[in-house]
Amino acid sequence: MRTRSVFLSLGLVLVAGVALAQGAATLPRVRVLATGGTIAGAQASATDYGYKSGAYDVNTLISAVPNLDKLAAITGEQVANIGSQDMNDEVWLKLAKRLNEVLAAPDVDAALITHGTDTLEETSYFLSLVIKSDKPVVMVGSMRPATATSADGPANIYNGVAAAIDPGARGRGVLVSLNDEIHYARNVVKTDTTSLQTFASLNRGPAGLVHTGKVSWFQPMDKKQGAASEFSVEGLKALPRVDILYAHANMSADLIEAAVKKGAKGLVVAGVGDGNMTTPALDALTKAAKKGVVVVRSTRLPMGLVLRNNEVNDDQLGLVASGELNPPKSRVLLQLALTKTQDPKRIQQMFYEY
Ligand code: ASP
């Protein structure tokens, strides 16, 4: 009798084991690439205001998310561990090349990237222009460090993975997910220094919503990205220098001239209004453009477009209008554009298409 029940329980354990193994085998496979940020940040104590970005490694981040293992088979790797205020061209190239390798692997269905929020809008746009796969890529960060009361990182990772494995994510390019929203890399901007509700696609609205892992998608992306993009990091060792200059009342030509002297190949102006600047600044920029430096007029305002030949005659002066792209995103596109051409007319076309 006793032997029979031992066999019976052994049988049940075996059946359960097989079912679990089958479940694990059918779970989508998501690779997490960690780069640091507040999401991996630690305070000296839970009541401390200050903290250090990039204090925890990728495995600690993954294991802190309840039920993540029921959603997907997760593996992780550390690409960098920095506050994203220190993000630079070198890490961008390393991350993009590694991401292309990871997405090409047959045992990876989607990627999740953890990143600081300060430059998330730039890194995500950069990646969206140089990633050659249709597989979903979702980037997440957090506004509160991992040690904080009500840390938002674990929920953002959970929802980010849910968005990445959702069938509707395929072909949408690089996405950014925080605080229950999903945004296209091209449209998303950080709008608030401390609030959890900081990311927004101001001109267009979010790409979708994700709440407790349940995903709803809105409008598709109508601009070129991913496999449709002409830009590539293949064989690229560095990116051209592009500086951003912030326009204001009484702006002089000094910083523009200094940037050109220091070797900038492109300049982006965070213009006042619809991409305007003082007459001395505009004269200096026109002079730079005549020397072959590509000049893009963007705006310091959070919303609206900078249209060509509005108050500034771009045709006559040889300048480029940024359209919908804010200064940091204009800088990203100009850096990549300059790997192909220095012709402002061709670059203007790219600003329409991307
Ligand atoms: N300074 C941090 C970073 O960008 C802020 C954050 O992640 O929220 O890495």
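This is a short walk through one structure, from its ligand to a cavity and then to a sheet.

The model is predicted, so local features need pLDDT of at least 70 and side-chain atom pairs count only at pLDDT 80 or more, while totals for chains, interfaces and linings use all residues. Residues are numbered from 1 along each chain as its sequence is written, and side-chain values use heavy atoms, leaving out hydrogens and water.

Let's start at the ligand. The residues around the ligand include G37, T38, Y51, S53 and D118, where being near means having a heavy atom within 4 Å. By class, this shell holds 1 nonpolar, 9 polar and 1 charged residue. Here Ala, Val, Leu, Ile, Met, Phe, Trp, Tyr, Cys and Pro count as nonpolar, Asp, Glu, Lys and Arg as charged, and the others, Gly among them, as polar.

Now look at individual atoms. An N or O atom in the side chain of S84 lies 2.5 Å from an oxygen atom of the ligand, and the side chain of T117 likewise has an N or O atom 2.5 Å from a ligand oxygen. A nitrogen atom of the ligand is 2.9 Å from an N or O atom in the side chain of Q85. The protein buries 93% of the 260 Å² that the ligand exposes when taken alone; these areas come from the Shrake-Rupley method with a 1.4 Å probe.

The largest cavity is lined by V32, V58, L61, I62, L112, T114 and I157. On a 1 Å grid over the protein atoms alone, a cavity is a set of points where a 1.4 Å probe fits but cannot get out, and lining residues have an atom within 4 Å of a point. Helix 2 gives the largest share of this lining, 3 residues. The lining has 6 nonpolar, 1 polar and no charged residues.

Finally, find the open sheet whose 4 strands run in the order 13-14-15-16, with parallel pairing. Strand 13 (242–246) and strand 16 (320–321) each have a single partner strand, so one side of each is left without a neighbour in the sheet. Strands are DSSP runs of E, at least two residues long, and helices are runs of H or I, at least four; two strands pair if DSSP finds at least two bridges between them. Strand 13 is joined to strand 14 (residues 266–271) by 5 bridges, and V242 has G266 as its bridge partner in strand 14.

Notes
A polar contact is a pair of N or O atoms within 3.5 Å; within protein, one must be able to donate a hydrogen and the other to accept it, and residues adjacent in sequence count only if both atoms are side-chain atoms. On a 1 Å grid over the protein atoms alone, a cavity is a set of points where a 1.4 Å probe fits but cannot get out, and a pocket is an open set with protein on both sides within 12 Å along at least five of seven lines; lining residues have an atom within 4 Å of a point.
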